[in-house]
Amino acid sequence: MTAVNFDGDDITSIINNESSKQKFFTETKNIIQTYSLDGVNIDFEGLPTSQATNFANFMVDLSNQMHTAIPGSEVSTVLYSVDWNSIFNFTIMEQAVDYYIIMGYDYYYSGSATAGPNDPLYQFGKNYNYTLSRSITDYLKAGCPKSKLIMGLPNYGRE
């Protein structure tokens with residue numbers, strides 16, 4: 001199961017409020033148990049830098065509750081292709097979160113200033129150096145454990 005929120009401001013009301021956070025955890029566990037799912041992937045996008053520690057603690061609390069209530073369940077979170085806001089604190093999350101999935105797409109998109117591949121493996125131009133290989137390197141340097149890192153690739157293209 002994937003829990004998504006694409007508005008970082010809205011999600012802070014959940015990750016910063018204990019009763020809202022606990023309600024989210026309880027409802028997530030209930031859905032996973034009801035439908036015999038393997039676990040949950042958290043895709044909260046647009047989080048501001050100020051929420052890095054709160055998000056990491058949210059992930060630890062979710063993982064601990066999931067693993068206790070549903071042994072063998074898996075908890076993962078997405079990593080942005082480029083972590084512009086330094087939101088992912090692996091020092092806090094590493095012991096609890098099972099997997100980190102890089103969203104390996106939208107390096108170039110319909111709003112890009114120049115055309116380019118959706119998911120370039122290596123740098124091919126002179127002015128733009130965001131690529132799949134750089135994302136992997138940057139996250140490993142930031143402390144993401146290699147054994148928990150997954151690259152998600154798109155199955156689509158752009159015009």
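Me: What is the relative accessibility of Asp-61?
Reply: The model is predicted: local features need pLDDT of at least 70, side-chain atom pairs count only at pLDDT 80 or more, and totals for chains, interfaces and linings use all residues. Residues are numbered from 1 along each chain as its sequence is written, and side-chain values use heavy atoms, with hydrogens and water left out. A residue is called buried under 20% relative accessible area, exposed over 50% and partly exposed in between (1.4 Å probe, protein chains only). Asp-61 counts as partly exposed because its relative accessibility is 28%.

Me: Which residue meets Asp-61 in a salt bridge at 3.1 Å, N to O?
Reply: A salt bridge here is a side-chain nitrogen of Lys or Arg within 4 Å of a carboxyl oxygen of Asp or Glu. At 3.1 Å, N to O, the side chain of Asp-61 meets that of Lys-21. The pair links distant parts of the chain, 40 residues apart, with Asp-61 in helix H3 (residues 52–69) and Lys-21 in helix H2. Its relative accessible area is 5%, therefore the residue is classed as buried: Lys-21.

Me: How many salt bridges does the rule give?
Reply: Side chains of opposite charge can pair when their charged atoms come close. Among the pairs found is Arg-134 with Asp-138, their closest N and O atoms being 3.2 Å apart. Salt bridges that share partners also join Glu-18, Lys-21 and Asp-61 into one network. The count comes to 5.

Me: How many residues apart in sequence are the parts tied together by Glu-94 and Lys-148?
Reply: The side chains of Glu-94 and Lys-148 meet in a salt bridge at 3.8 Å, N to O. Glu-94 is partly exposed, because its relative accessible area is 23%, whereas Lys-148 counts as buried at 16%. Glu-94 lies in the loop between helix H4 (90–93) and E4, and Lys-148 in the loop between H5 and E5, so the separation in sequence is 54 residues.

Me: By about how much of the helix are Arg-134 and Asp-138 separated?
Reply: Arg-134 has a relative accessible area of 29% and Asp-138 a relative accessibility of 36%, and both values count as partly exposed. The two residues are 4 apart in helix H5, so the separation is about one helical turn.

Me: What is the order of the strands in the sheet?
Reply: Helices (H or I, at least four residues) and strands (E, at least two) are DSSP runs, numbered from the N terminus, and two strands pair if DSSP finds at least two bridges between them. Strand E2 (residues 39–44) and E3 pair in the parallel sense over 4 bridges, 4 bridges join E3 (residues 74–79) to E4 (residues 99–103) in parallel, and E4 pairs in parallel with E5 (residues 149–152) over 4 bridges. Strand E1 (2–5) and E5 are the edge strands, each pairing on one side only. The 5 strands form an open sheet with parallel pairing, in the order E1-E2-E3-E4-E5.

Me: Which residue in E4 is the bridge partner of Leu-79?
Reply: Strands of a sheet pair through backbone hydrogen bonds, either parallel or antiparallel. Elsewhere in this sheet, Val-40 has Val-75 in E3 as its bridge partner, and Tyr-100 stands opposite Leu-149 in E5. For Leu-79, the partner in E4 is Ile-102.

Me: At about what angle does helix H5 run to E5?
Reply: Axes are lines fitted to C-alpha atoms, for helices over the stretch in contact (heavy atoms within 4.5 Å), and angles run from 0 to 180 degrees between N-to-C directions. Helix H5 (residues 132–141) lies across E3, E4 and E5, and its angle to E5 is about 155°.

Me: How far apart are the C-alpha atoms of Gly-104 and Ile-150?
Reply: Gly-104 sits in the loop between E4 and H5 and counts as buried because its relative accessibility is 0%. Leaving aside neighbours within four places in sequence, Gly-104 is in contact with Asp-119, Leu-132, Met-151, Gly-152, Leu-153 and Pro-154. Gly-104 and Ile-150 are 46 residues apart along the chain, and their C-alpha atoms are separated by 9.6 Å.
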